Amino acid sequence: MSAQIRLLEVPYDSGCRDVRLGAGPTALVAAGAAQRLARHGAVVDHGRIRLAANPGPTVEAAAGAEVMRLVAQDVAAHAGHLPVVLAGNCGATLGVVAGLRALAPERCVAVLWFDAHGDLQTPATSATGFFDGMSLAMTTGRCWEELAASVPGHAPLPDDRTVLVGGHQVDEAERRLLDGPGPTWLTVADVRAGRAGSVLDRVAAHADAVHVHVDLDVHDTSLPPANSFAAPGGLTPDEVRATVLDAVARLPLASATVASWDPTHDVDDRMRDAALGLLELLGAPAPTR
């Protein structure tokens, strides 16, 4: 029986549809995202999140939380499907993991969070107030607790099931957390030194499945940059794919998010093609991966 994939398009950036990072999901679908996911025989069902209004960035937190709720509801409504979410903002992953938990509360899903940034800022530590920069902090229960609780199925993700992969532009507060009691930090240097396997072995001891979250700015800016927040010093597409393969060799893939691509920053479609290649990998059967 063919695998079933739910390709969910979430074309919003800070509540605005199809602009900046929100243009990435639509562009990936137009470039053949569904076909790449289906290349190994999966049946792909395509859906799209729609906010009731387009409120704009003045209510960024409210719009971001509504996106999370809608994503969680969509995931929970498609039991038996592998959710693959194309998102403008990283916060969509909170909704994916919540939706998985609503379907099966007993599951222990780990999250590999590929990102140039820590996304572990809080209202107390953020210098900008950028809501999406708090998305991993929110997912792990460090801020916006009441807002997160409004997402069906949400529960704080334990640190022993959380790995920041490739983070190379983190602030001091995030660095103290990652170097201390917080989530595991698998740095670019760690990946290149071959330390991913031992980290993933430890995570696999606490989990029975894995969600792969890839903010495309985890890639080095030589690719070229995925968005205006990208910074030099990131991973190559091969390193991202190899780390994903290491993870799914240890744990079944529960779901995935590919986020934060602004097509206006691309050159010769190189970042787009890296994203499509990653989607093809995610859509492959486990032995093929």
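Student: Glu 172 and Arg 175 are both in helix α7; how many residues apart are they, and what does that separation amount to in helical turns?

Tutor: They are three residues apart in α7 (residues 172–179), so about one helical turn separates them. Helices here are DSSP runs (H or I, at least four residues), strands likewise (E, at least two), numbered from the N terminus. A word on the source: this is a predicted model, where local features need pLDDT of at least 70, side-chain atom pairs count only at pLDDT 80 or more, and totals for chains, interfaces and linings use all residues. Residues are numbered from 1 along each chain as its sequence is written, and side-chain values use heavy atoms, with hydrogens and water left out.

Student: What joins the side chains of Glu 172 and Arg 175?

Tutor: A salt bridge, at 4.0 Å from N to O. The term means a side-chain nitrogen of Lys or Arg within 4 Å of a carboxyl oxygen of Asp or Glu. Glu 172 is exposed, at 51% relative accessible area. Arg 175 is partly exposed, at 31%. The cut-offs: buried is under 20%, exposed over 50%, partly exposed in between (1.4 Å probe, protein chains only).

Student: How many salt bridges does the whole structure hold?

Tutor: The search finds 16. Among them is Arg 142 with Asp 159, closest N and O atoms 2.6 Å apart. This pair links distant parts of the chain, 17 residues apart. Arg 142 lies in the loop between α5 (135–139) and α6 (145–149), Asp 159 in the loop between α6 and β7 (162–165). Arg 142 is partly exposed, at 27%.

Student: Which residues form a network of salt bridges?

Tutor: Arg 6, Asp 45 and Asp 74 are linked that way.

Student: How do I read two packed helices?

Tutor: Use the angle between their axes and the distance between the axes. Take α10 (residues 237–248) and α11 (residues 270–283): their axes come within 11 Å and cross at roughly 15°. That makes α10 roughly parallel to α11. Axes are lines fitted to C-alpha atoms, for helices over the stretch in contact, with angles from 0 to 180 degrees between N-to-C directions. Under 35 degrees is roughly parallel, over 145 roughly antiparallel, 65 to 115 roughly perpendicular, the rest oblique.

Student: Which residues of α10 and α11 meet?

Tutor: From α10, Pro 237, Arg 241, Val 244 and Leu 245; from α11, Ala 274, Gly 277, Leu 278, Leu 281 and Leu 282. Contact means heavy atoms within 4.5 Å. These residues divide into seven nonpolar, one polar and one charged. Ala, Val, Leu, Ile, Met, Phe, Trp, Tyr, Cys and Pro count as nonpolar, Asp, Glu, Lys and Arg as charged, the others, Gly among them, as polar.
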